[in-house]
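Welcome, and thanks for bringing your viewer along.

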Amino acid sequence: MSDFASESVIVSDEHGVVKYWNAASEALYGWPAMAMIGQNLAALRTPGQHDPEPTSVLLREGRWEGLVRRRSQAGAEVTAAIRKIVRRDAAGILLDIVEFGRDAGGMSEAATIRVDAELQGYLAACWELDTSAARSVLQTIAGLRSRSVIDDLDEHPEWVDKLLTATRISAVNDRAVRMFGTHAGLEQMIGKPVGAFWPAESRSVLAALLEKVATDPSRLEMRKMVSSGTIRNPIIRAWHSAEPKPPGTVFVTINGEANDDRTSWELQASEERYRKLIEYLPTALWQVDSRRAGEVFDQLKANGIRDIGAYLDRNPDLIEHAKDLVRVTEVNRDAVLLFRAKNAADLINPVRYIFAAAPGLAKRVMVAHFEGRRNFFEETKILAFDGTIIDVLFTVTYPVLPEQLDTTFITMQDISERLNTEQQLRKLQADFTHAGRIATLGELATSIAHEVNQPLSAIVTNAETSLRWLARADQNTEKVTQLVSRIASSARRAGEIIHRIRGMAAKNEPEKRLIDLNEVVEEALLFIRHEIDSKSIALSSVLEAGLPQVMGDRIQLQQVIINLLVNSVQAVAQSGQPTRRIDIETSIDDSGWVAFSAFDNGPGIADGNMKHIFESFFSTKDAGIGIGLAICQSIITAHGGRIAGSNRPNGGAHFRFTLPVPTAAELDSAVVGFIRPAQ
């Protein structure tokens, strides 16, 4: 609970070496806990103070209260009202000394507590850095300065990068973790170069501070930092640590005002709510730091690159580099489960593993980022760590200014079950449609038999005639050749009819191609024409020339047209009209879509049935099963079109469907899809 106390709480041993330092102590004295743990409180005495704190009285009596003067991180004097308590075990052996304190600068207790609480948000972040591996870089920079080769590190980003790469992170506090977007935890930052996490806009500032304190370990250097989205007017301080830290240890703090009016307690509560929301969000979520990719994009734009897709095609290595440059900084529980990972640390890595099953996805994500889109969506696949391929809905939400640029969000939703269900539904739909075709063929059995009998009868007649000519003494070879040609032609026609019937009866997967609707209508009429003629129905067809092609499955669209015409034939035949008539036409509607219409002069559609005509198993016929129009609707809908039925003003029904005309891009795709390799 002392972490949330408004009073400073410091725990030390009998020699004054600090073992615990709470957030209120950071606010009161300005020194971060990381810098003070292991240090002696005597280091905080103000210059010229000779009166030591009464350790002897404390140890003798077990408690002490009074005023002390100490030095803040900024060098100012802090007068604190403190009380110390000695804690011992049952045997009387000293365990530790607990100190409670608050600012004694003349304010009331209530005011002190309030200001202390507000100051909690003032100390933003603390880093403990190991510069031992950077000594050679620092020496080289010093040599270049002495020869006037380097004057300002801002002008030499290559040396800034070398220095920040050689400087490793030994420890960071929670504020630094949260502020710099590495919410996955300390484990992912410890031992890594500070340059991998430090804000790009202030890298040269940190490098300059490290250089200064390296040349004079007693110095405390301070610089202003470019404002971030979290704090206003941030100030960076750097200083060498005292013993017992290893040589080369440098502390860096970032101080500033909270960027809103909430107190630190409200901010912390808000952060906790945010983290819990992320953790328990019912979808897999990744928080990604894509600032480095943004820097590369900014440079490309400055160099005049506008078509990033073409540029990436010419430079595919940039895509591979980006997979390692962009890093995951936080994941939630569902992300761990989705990838079959052991823990979150398995996912806190460069984003390369995300694109293992879909390499082209990385390019499309980069294009969307470069073009400044807010969101990117795609159904794709991922490769889980146990080798499972999983279908997911992949989304990216990119930050835009003034949002923090290290918070790109990726979400993935497992859609394997949905796709499996859709596949099963498509199979059921195909079975349903196939059953409808079989039922229709059954209704057209007489017409089909008539269509087949015509060429068969012609074959028999011509064959018999040929035999008679061959039996004559004066054989006429030319006449026999002519008859045999007729036999071959009739056989081909019979074969075509059988082929069309088999196509209608076959149970094949739908295959959409570019087709001419007029040709589909003419083929459908071959099935229905005898049925129309046998019932003395006058048929008029007006097929508009030059119709644009549509994307569709030829057999399914034939099924729709035949079903509509069969309904019209049955309606007209039962109407009792002296003149029976069906008119069909194709055209282009006002929206530029291709349209088919069938008109009849039958009894029309009863008002009570109008809203049910496309429902499954609804029929007005005594022997009907009510799937014909339902199948028509499902087929046209699957083609992206619309179908409707209505009554004509002068009697009869009008059924109409429309199909969209593919765009130029869809046409290009269709043409490519139809190209087959040479055999």
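Over how many bridges do strand β4 and strand β5 pair? Select residues 77–88 for β4 and 94–103 for β5: the two pair in the antiparallel sense over 9 bridges. Strands here are DSSP runs of E with at least two residues, helices are runs of H or I with at least four, and both are numbered from the N terminus. Two strands count as paired if DSSP finds at least two bridges between them. While you are there, pick Lys84, which stands opposite Glu99 in β5.

A word on what you are looking at: this is a predicted model, in which local features need pLDDT of at least 70 and side-chain atom pairs count only at pLDDT 80 or more, while totals for chains, interfaces and linings use all residues. Residues are numbered from 1 along each chain as its sequence is written, and side-chain values use heavy atoms, with hydrogens and water left out.

**The sheet around β5**

Now widen the selection to the open sheet of 5 strands, ordered β2-β1-β5-β4-β3 with antiparallel pairing. β2 (18–21) and β3 (63–71) are at the edges with a single partner strand each, so one side of each has no neighbour in the sheet. From one strand to the next, the twist averages 30 degrees (axes are lines fitted to C-alpha atoms, and angles run from 0 to 180 degrees between N-to-C directions).

Go next to β1 (residues 8–12), which pairs with β2 in the antiparallel sense over 3 bridges. Val11 stands opposite Tyr20 in β2. The hairpin of these strands has 5 residues between them, and Gly16 there takes a positive phi near 90 degrees.

Show the side chains of Arg70 and Glu99: they form a salt bridge, with the closest N and O atoms 2.7 Å apart. Arg70 is in strand β3 and Glu99 in strand β5, so the pair links parts of the chain 29 residues apart. The rule asks for a side-chain nitrogen of Lys or Arg within 4 Å of a carboxyl oxygen of Asp or Glu, and it gives a count of 19 salt bridges.

**Another sheet**

Jump along to the open sheet of 5 strands ordered β12-β11-β15-β14-β13, again with antiparallel pairing. Its edge strands, β12 (327–331) and β13 (375–383), each pair on one side only. Leu285 stands opposite Thr411 in β15.

**Last stop**

Finish in the loop between α5 (135–146) and α6 (157–166), where you will find Asp154.
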